[in-house]
Structures are given as C-alpha cells and as structure tokens.
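Please open the model in your viewer and keep the sequence beside it. This tour moves from one selection to the next and says what is found at each stop.

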Amino acid sequence: MSKCVLIVEDEPNIVESLSFLLGREGLEVHAENDGAAAMEQIETIKPDLVILDAMLPNRSGFDILRDIQASQTAMPMVLMLTAKGQPRDRQMAEEIGVDLFMTKPFSNSEIITEIRRLLGI
Amino acid sequence: MRKSLAGTRVREARRKSGMTQKALAEAASISASYLNLIEHNRRAVAGKVLLGIARALSVPVTALTDGAESALLGDLHEAAAHRSDANIETESVDELISRYPGWAGLLAGLYRQSKDQETAIAALSDRLTHDPFLAESLHSMLSNITAIRSTSNILKNIDDIEPEQQSRFHNIIHEESRRLSDAAQALVTYFNHASDQSGGSATPEEELDRFLRQHEYIFPELDNGEADISDILTQESMLNNTESRELAKGFLILYAKDAAQMPLAAFAKTAKECAFNPDILAQQFDADLASIFRRLSGLKRPDIDAPEMGLIVVNAAGRAVLRRPLRNFALPRHGNACPRWPLFQAFTQPDRPITALLDLPGGQQFICLAVAGDIRGKGFGTLPEYQASMLFIASEVLPVVKSWLPATGTAQKIGISCRICPRANCPVRAEPQILASVSEIL
C-alpha cells in the first residue's frame with residue numbers, strides 16, 4: 001500500500017511540480033489550497049505526510065498545524081514550507097511540532113530526499 | 001571639577017571689542033588685576049561684576065556665561081562617548097569650544113549628521129522588516145522562483161515525460177517567469193518611489209527642525225495675513241519629503257490658528273502689560289495654556305521687546321512633536337529627555353499647570369511652566385490624545401515675571417538627557433550615562 005501525501009499550498013504551479021515528483025516516487029498525492037478544506041482532507045484521507053505552506057490565504061500553516069494537533073486525528077508527519085526563513089518562524093514551527101522546516105526555493109533532490117527520509121521509503 | 005571658562009569668553013569678547021584690560025576694568029568698575037585674574041579663569045565671575053563687564057563690552061550676559069554653548073557641549077560629549085575607545089580628552093571640551101568654536105561646531109555638526117543618518121538607516125531597516133508590501137512581494141517572488149526551479153529541473157533531468165505534461169511544465173515556466181518579472185518591476189517602482197519620498201538622509205523631524213530654525217520659528221506672513229500655508233510650503237525647498245512637509249503643515253496650521261486667535265500686536269501689548277502672565281493671556285484671548293505657550297515662545301522679535309522663551313511639546317509616548325531650544329537650554333535631538341522635567345510630571349495631572357525653577361548641570365537656572373492636556377475634542381467615544389507643553393525662560397527674567405509667578409521653591413536639579421547627564425547618583429536615571437569622568441563634573 002502506497003504512502004499518502006497531502007500538499008497544502010496555494011501556488012498551483014508548485015503543487016503541479018511537487019505532485020509530479022511525488023507521483024514518480026509511487027506516492028498517493030492529494031492537494032488543497034485552502035486551510036479549512038485541508039483539515040477535512042486530513043480527517044478523511046489520514047495522510048502519512050502533510051506538506052504545508054506557512055503562508056496561506058485566510059489561515060496560516062501554523063493555524064492549520066494547531067488544528068491538526070487539537071483534532072482527534074492521528075498526527076501525520078508535517079513538512080512545512082516557507083518563504084520566510086526567520087529564526088522565529090522556524091522556532092515556532094518546531095515548538096508546534098513540525099517534523100521538518102524548509103525554505104523556498106528548495107531543490108527537487110533536496111525535498112525528495114527529505115520526504116523519503118520522513119516516510120521511511 | 002569642570003573648569004569655568006567664562007573668563008576666556010570675557011577675554012575673547014574684550015579683544016574683539018578692541019578694549020584694553022585697563023579700559024574694560026575701569027568701565028566695569030573693577031581693578032585691572034582682578035580682571036586679569038578673571039580672564040585667566042583664576043577667579044569666578046558672576047552677578048554684578050559679570051553684568052558690569054557685559055555692559056561695558058555691550059554683549060548679553062549669556063554670551064559670557066558657561067552655558068553659552070551648552071547644546072554644542074552636549075553634542076561633543078555625546079560624540080566623544082560614542083568613541084570611548086579613542087581616548088578623547090573630554091576634559092578639554094570647554095577649551096575646544098572657547099578657542100576653536102568653528103572646529104567644535106564642525107565636529108558637532110558632523111556628529112549630528114552621522115546620528116541623523118543612523119536614525120534614517122534604523123527607520124529604513126524597520127521598514128524593510130515590517131513593510132507588508134515588501135513581505136508579500138518577497139514571498140511571491142520566492143514562490144515564483146521555487147516553481148521555475150522545480151519545473152525546469154524536472155524538464156532537464158527527466159526524459160520520460162508525457163508531451164502534454166511537458167507542455168504544461170513549459171507553460172508553468174513561462175507563466176512564473178512573467179510573474180517574477182512583474183514582481184521585480186513592482187519592487188523597483190516601489191523603491192524608486194520610496195527614494196523620491198525620502199529625498200535625503202535627514203528624518204522628517206530633522207527636516208522640520210531645520211525648516212523652523214531657518215525661519216527662527218516665526219512666520220510674519222501668517223501673522224499679517226499676507227500669505228497662506230500652501231504659499232509658504234510651495235516656496236519652501238528645505239522640506240524634501242512628504243512626511244516633513246506634513247509635519248511643517250501641522251506646525252503652520254497651529255501657527256495660523258494662534259495668529260488668528262491672538263493677533264500679534266494685541267498679544268504683545270497685553271503680554272507686556274501683564275508681565276507675560278499666561279493665565280491672564282489665556283483669559284484675555286480665550287485660549288488654552290498650550291496655545292499661549294506657543295505664542296509666547298515666538299513673541300521676541302526685532303520689533304517686540306520680550307524675553308526669549310524656549311518650548312518643547314511632547315506626546316504621551318514622550319516623543320517631542322515640537323522643539324524650540326534656547327541657547328542655554330539644549331533639547332535632546334536623539335533619545336529621551338530627562339525624566340525629571342516637569343513636562344512629564346504634567347501628564348499625571350492634566351490641565352493643571354506646574355511651575356518650577358530648574359537647575360541644569362552647568363548651573364544655569366530656568367523658570368519652567370508646564371501643562372498637559374487632551375488635544376482632541378472632548379466627546380463621547382473620542383479617544384483622548386494627550387500632549388504636554390513646557391515653556392522655559394532664563395532665570396534672569398525672574399524680576400519681570402515674579403509678580404505673578406507662584407513660589408517655585410528650591411531649584412530642581414535636572415539634566416538634558418540621561419545619556420549625557422553628569423548627575424551620577426540620580427535616582428530616576430533611565431539610561432546609563434555615557435560621559436567619561438562624570439563624577440568630576442559636579
């Protein structure tokens with residue numbers, strides 16, 4: 001059974017390239033561009049990994065992360081993407097429980113290597 | 001102890017006037033040997049003797065006293081403290097000012113310029129960190145770059161891509177490149193605009209200060225109704241950015257309001273008749289004390305005999321919104337003022353005037369009147385906005401105002417700003433002193 005990844009990102013072109021790359025890794029890929037819809041998906045598909053953009057319209061990635069923790073859903077692995085590399089963002093993400101924090105722009109090989117590591121594949 | 005150099009100033013002034021020691025001594029009714037000791041700073045000079053010398057030299061007393069260059073002194077001390085590693089001879093600063101006033105002024109001017117630039121850089125840094133447009137633009141550009149980098153990498157390294165998918169990736173690169181270009185162009189436009197707005201390294205407050213000093217805080221064209229505010233601002237070339245023009249406009253609006261409410265000739269006449277009593281002036285002109293202070297601080301002119309008065313107005317955060325220093329009472333250009341100024345005490349009892357006699361570290365004394373009040377209209381749902389105003393007058397004017405001035409008690413020891421204040425054991429010190437050898441000064 002293939003591992004399941006949910007990409008929560010409002011930039012459709014980043015979603016497209018990431019989906020393509022993860023699909024080639026044999027992963028089941030879902031995508032959402034909105035925080036509220038992402039929570040529903042998490043509860044429904046119970047992903048093994050959530051790739052979460054920190055800056056989303058309406059609700060930030062940090063808010064979504066808190067929602068996941070507050071819900072009864074089993075906590076998936078979380079890889080947070082951000083364009084802001086400030087130490088305080090990284091610290092906040094680590095305090096909330098992010099498994100990995102990556103800043104944009106990242107390389108394909110870098111993100112794929114980290115995702116493989118997180119999922120143990 | 002800090003050495004008094006009043007004698008050096010007497011000597012310089014005498015030489016300028018072309019008088020001999022003997023002639024000056026006779027004119028001042030003192031012996032030539034005593035004058036000689038004074039001129040070599042071996043005898044203190046004050047009171048009647050100083051007054052007699054000043055009269056004989058036809059110069060104001062303040063030109064000979066130690067506080068004559070207090071603003072310059074403060075700036076030079078602060079400049080020296082900033083380079084405490086340079087072993088600067090701070091004990092010779094008085095001598096530097098007395099003997100080489102031009103060089104001292106240049107040094108202080110360069111220091112002030114450097115401080116202004118530091119302030120401007122700090123403001124720009126703050127702007128770069130917190131500006132929402134910049135944050136949004138940079139986030140957007142990094143996302144564009146991420147998409148381009150990822151997609152182009154896929155196209156370069158993966159051969160077996162379906163033609164339809166390949167076409168979509170090409171479109172992504174095209175689309176993201178265009179968005180990146182647009183975002184970069186928007187940033188360039190933004191920075192060009194910001195650069196046009198800032199116009200130079202001075203902060204808006206510094207530009208306002210310069211503008212007001214240039215006009216000596218007086219705008220006769222508003223007093224006599226010959227010009228309006230927009231005429232003055234249109235002709236003004238010293239105000240290089242929107243913010244400083246807005247500040248100047250705010251000042252001129254108040255000035256014009258005061259001029260309309262307190263016409264200059266009538267105000268000057270009444271002021272002289274009541275010995276510059278703010279209470280009487282407030283009643284006569286139906287004005288609040290803050291307005292009276294503003295008008296009084298701008299009263300002395302070539303054709304109006306009035307004492308010189310300084311003024312500072314601060315908001316509730318302690319930020320100076322108007323500064324009109326006196327030669328002997330410098331107002332800090334950077335950082336906060338002395339917490340002991342009655343100005344701040346006034347905030348604790350709004351609308352209740354405070355009178356005090358102040359004693360500066362150099363020994364100069366000033367009569368001070370302070371009042372705080374809400375500058376917004378009072379009404380339900382209106383948030384108050386408090387400002388405090390402090391008018392200060394050299395204590396030599398005491399005989400003029402003593403008929404109405406309440407008892408001030410003992411002079412309160414104050415400073416200009418904690419950073420350059422030599423009062424070593426002040427219990428209300430808010431910042432560490434940065435002066436070397438401060439304990440020796442008092």
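Contact here means heavy atoms within 4.5 Å, and by that rule 16 residues of chain A are in contact with 22 residues of chain B. This is a predicted model, in which local features need pLDDT of at least 70 and side-chain atom pairs count only at pLDDT 80 or more, while totals for chains, interfaces and linings use all residues. Residues are numbered from 1 along each chain as its sequence is written, chains are lettered from A and ligands numbered from 1 in the order in which they are written, and side-chain values use heavy atoms, with hydrogens and water left out.

Begin by colouring the two chains separately. Chain A and chain B bury about 1900 Å² between them, 58% of it on carbon and sulfur atoms; buried area is the accessible area (1.4 Å probe) that two parts lose on being put together, summed over both. Three salt bridges run between chain A and chain B, a salt bridge being a side-chain nitrogen of Lys or Arg within 4 Å of a carboxyl oxygen of Asp or Glu.

Next, select Arg179(B) and Glu11(A), which form a salt bridge whose closest N and O atoms are 3.1 Å apart. The pair crosses between chains, from helix H9 (residues 163–198) of chain B to the loop between strand E1 (4–8) and H1 of chain A; helices (H or I, at least four residues) and strands (E, at least two) are DSSP runs, numbered from the N terminus. Glu11(A) counts as buried at 10% relative accessibility, whereas Arg179(B) is partly exposed at 26%; buried means under 20% relative accessible area, exposed over 50%, and partly exposed in between (1.4 Å probe, protein chains only).

Now move to chain A and select Asp53(A) with Lys104(A), whose side chains meet in a salt bridge (3.4 Å, N to O). Asp53(A) lies in strand E3 (residues 49–53) and Lys104(A) in the loop between strand E5 (100–103) and helix H5 (108–119), so the pair ties together parts that are 51 residues apart in sequence. Both Asp53(A) and Lys104(A) are buried.

Finally, which residues of chain A is His139(B) in contact with, leaving aside its neighbours within four places in sequence? They are Asp53(A), Met55(A) and Ala83(A), and His139(B) itself lies in helix H8 (residues 132–157) of chain B.
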